[in-house]
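Dear colleague,

Please find below the structure that I am handing over to you. I would be grateful if you kept it open while reading the notes that come after it.

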Amino acid sequence: MFAYIMISLCGNEKLQITIANHFHTLDGQYHYFREQAETSYIPQERDRSNDPVEGAPEILNRNLSAGRSGSFNALAMIDAYFSRLEHFLVLALPFSNYDRQSDNLVDFVGMVWSDKLKRILNVSETSVQAYYEQLVSVKEKYRNTFAHGGFEKSGQSFYFHLPRFGAIPASMSGHRESVHFNLFPVENDSFNNICKLFDEFDNYLKNDALVSTWQFADSGLDLVLEEKKLSEMLAASEDVESFEQWIDREGYIAEMYANADY
């Protein structure tokens, strides 16, 4: 997750902050790796013009290659999704009872994603808690493992040596849930389940929990936290259609400034 924070001094010497909106860039990265994974999991057809008969080794190699490529792209997709989610949660802060005096923006940006989520959403609610627990599971099993050298928590990546039997997983009870249990970290079925979770949570944010935040993130507008501008934005966001009109107007103004057309 990255969030560029632009700071300026207004006439009364008060510190003003603008957060650059990179939602579209991060969303594009997420969908790029997702599409790559979807394509990669499908074994490539071989040229049968010279040899119409394909043996078992060739079929196995094609399937192994598809699984490996799909898994690598799936891991990149998971990393990109959580990066986009963290950025989205930063953009959501002003829409979530934000107090310019008591909320420390720098501290919030530096929080881990789960603490950001807890600040923005009430994870004690049944619907949110279900999503939260599933997201934590995906994050710890896949993203965190491979962001930290392939090592899992609770010693699941370790083996101990048992005389006459050889190396045995240190955590036998948890080994079936380990990313190292299967041939590839993210197999096709797991990938589909993860995508289903991501889609459902996105729809929950977009259409239920954080409608205005999603509208704003999707607009591409930078987030201006100057008091007057912030109050104007929050007032407009109380109605979906009014907020769309506000976004269109602000987008037009931003485009004029970008093109020096004023």
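**The chain as a whole**

Please bear in mind that this is a predicted model. The chain has 262 residues, of which 40% count as buried. Its secondary structure comprises nine helices and five strands, and their order along the sequence is β-β-α-α-α-α-α-β-β-α-α-β-α-α. The accessible surface amounts to about 15300 Å², and carbon and sulfur atoms account for 50% of that. As for contacts between residues at least 6 apart in sequence, 67% of them join residues at least 24 apart.

**Salt bridges**

Side chains of opposite charge can pair when their charged atoms come close. In this chain the count of salt bridges comes to nine.

The side chains of Glu 86 and Lys 116 form a salt bridge with an N to O distance of 2.7 Å. This pair links distant parts of the chain, since Glu 86 belongs to helix 2 (residues 56–92) and Lys 116 to helix 4 (residues 113–120), 30 residues apart. Are the two partners buried or exposed? Glu 86 has a relative accessible area of 15% and is therefore buried, the cut-off being under 20%. Lys 116 is buried as well, with a relative accessible area of 0%.

Helix 4 also contributes Arg 119, whose partner Asp 103 sits in the loop between helix 2 and helix 3 (105–110), 16 residues apart from it. The side chains of Asp 103 and Arg 119 meet in a salt bridge at 3.2 Å, N to O. Asp 103 counts as buried at 19% relative accessibility, whereas Arg 119 is partly exposed, with a relative accessible area of 26%.

The side chains of Lys 229 and Glu 250 form a further salt bridge, again given as N to O, at 3.2 Å. Lys 229 lies in helix 8 (residues 227–236) and Glu 250 in helix 9, so this pair ties together parts that are 21 residues apart in sequence. Lys 229 counts as partly exposed at 26% relative accessibility, while Glu 250 counts as buried at 13%.

**Patches on the surface**

A patch of negative charge on the surface gathers Asp 218, Glu 238, Asp 239, Glu 241, Glu 244 and Asp 248. Which helix gives the most to the negative patch? Helix 9 (residues 240–258) does, with three residues. Glu 244 is placed in helix 9 and is partly exposed, its relative accessible area being 35%.

A nonpolar patch is formed on the surface by Tyr 252, Ile 253 and Tyr 257, which together have about 350 Å² of accessible area. Ile 253 is found in helix 9. With a relative accessible area of 31%, Ile 253 is partly exposed.

**Helix 7 and Gly 220**

Helix 7 spans residues 211–219, and Ser 212, Thr 213, Trp 214, Gln 215, Phe 216 and Ala 217 are buried in it. Just after helix 7 comes Gly 220, which takes a positive phi of about 85°. Gly 220 lies in the loop between helix 7 and strand 5 (223–224) and counts as partly exposed at 33% relative accessibility.

Which residues does Gly 220 touch, not counting residues up to four places away in sequence? The residues are Asn 21 and His 24. The C-alpha atoms of Gly 220 and Phe 23 are separated by 6.9 Å, although these residues are 197 residues apart along the chain.

**Ser 114**

Ser 114 is another residue of helix 4. At 14% relative accessibility, Ser 114 counts as buried. Ser 114 and Val 136 are 22 residues apart in sequence, and their C-alpha to C-alpha distance is 7.8 Å.

With kind regards

Key
Residues are numbered from 1 along each chain as its sequence is written. This is a predicted model: local features need pLDDT of at least 70, side-chain atom pairs count only at pLDDT 80 or more; totals for chains, interfaces and linings use all residues. Side-chain values use heavy atoms; hydrogens and water are left out. Patches are made of residues with over 30% relative accessible area and no salt bridge: like charges are joined within 9 Å, nonpolar side chains (Val, Leu, Ile, Met, Phe, Trp, Tyr) within 5 Å. Accessible areas come from the Shrake-Rupley method with a 1.4 Å probe; for residues, only the protein chains shown count as cover. A salt bridge is a side-chain nitrogen of Lys or Arg within 4 Å of a carboxyl oxygen of Asp or Glu. Lys and Arg count as positive and Asp and Glu as negative; His and the chain ends are not counted. The place of a charge is taken as NZ of Lys, CZ of Arg, CG of Asp or CD of Glu. Helices (H or I, at least four residues) and strands (E, at least two) are DSSP runs, numbered from the N terminus. Buried means under 20% relative accessible area, exposed over 50%, partly exposed in between (1.4 Å probe, protein chains only). Contact means heavy atoms within 4.5 Å.
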